[in-house]
Amino acid sequence: MDNIVLEQVGLFSVWILGITVGFTACTASCLPFMGSWVMSRNLGMKGSLVDAGLFASGKVAAYATLGAFAGITGEFLLHYLRSGIGNVLIGATSVLAGIWLIYNMGKQHRGCGISKRHNMHPFLMGFSLSFIPCAPLAALLAACAAAGSFTLGMSYGFVFGLGAAITPLFIILPLLGKLGQELRSRNPWLKKGLVWFGSSVLVAIGSYRIAMAF
């Protein structure tokens, strides 16, 4: 598939390729990050759905960016991603998100949990997780490299990202957000406990990802 010729690639095929990302092991690898996040945030189903949307938007933006640069750098970009830069990006983003949760725990909204305003952490997690090499991404970048065009590469990446954005996380994350909200309402001591748990998970898996890169 790496030898794919540009003329043989259609946008529909690229979109279908993106869908394989959203419904495969990629979703499982994203769940520890976003699952820990929404359980800690106390936003309920609606707020967690918004965070899921921000996460998906981050992936679309990342794939469009990767496609654009693959269009002008060729195979070099894929080799660069295999160096471990993706693990550094998601690791740093995860650690910072975990620290943010603890820092804002003291700024509770009427005593019901950490600040309820949305922020860019879900977007950044979606963006950085897209830099982890996988077979569909390798195929996308090969097609973009064959295109030899910044604009066409970006178009391929954007359509691929739209496919990847179709993910069970839009169902799973709101359910986890609702579960976290219910647990807090029935067990007041979990208001801070879930924040500490989610933060610890994010810092731990983020640190592990950074270590993997080295």
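The following questions and answers concern a predicted model.

In this predicted model, local features need pLDDT of at least 70 and side-chain atom pairs count only at pLDDT 80 or more, while totals for chains, interfaces and linings use all residues. Residues are numbered from 1 along each chain as its sequence is written, and side-chain values use heavy atoms, with hydrogens and water left out.

Me: How many helices and how many strands are there in the protein?
Reply: Helices (H or I, at least four residues) and strands (E, at least two) are DSSP runs, numbered from the N terminus. From that terminus on, the elements run α-α-α-α-α-α-α-α-α. The protein has nine helices and zero strands.

Me: Which residues of H1 are buried?
Reply: Buried means under 20% relative accessible area, exposed over 50% and partly exposed in between (1.4 Å probe, protein chains only). The buried residues of H1 pack against helix H2 (25-41), helix H3 (44-73), helix H6 (135-147) and helix H7 (150-164), where contact means heavy atoms within 4.5 Å. The residues in question are Val14, Leu17, Gly18, Val21 and Gly22.

Me: What is the geometry of the pair formed by the rings of Phe12 and Trp15?
Reply: Rings of Phe, Tyr and Trp (its six-membered ring) pair if their centres lie within 6.5 Å; planes under 30 degrees apart count as stacked, over 60 as edge-to-face and the rest as tilted. The ring centres of Phe12 and Trp15 are 5.8 Å apart and their planes stand at 40 degrees, so the pair is tilted.

Me: How many residues apart in sequence are the parts that the pair of Tyr63 and Phe160 ties together?
Reply: Tyr63 and Phe160 form an edge-to-face pair, 4.8 Å centre to centre with 80 degrees between the planes. Tyr63 is buried at 2% relative accessibility, and Phe160 is buried at 0%. Because Tyr63 lies in helix H3 and Phe160 in helix H7, the separation in sequence is 97 residues.

Me: Which residue has its backbone oxygen 2.6 Å from a polar atom of the side chain of Ser94?
Reply: Ser94 belongs to helix H4 (residues 76-105) and is buried, at 0% relative accessibility. Among the residues that Ser94 touches, not counting those up to four places away in sequence, are Phe33 and Val203. The backbone oxygen at 2.6 Å is that of Leu202.

Key
Polar contact = N/O pair within 3.5 Å; in protein donor to acceptor, adjacent residues only side chain to side chain.
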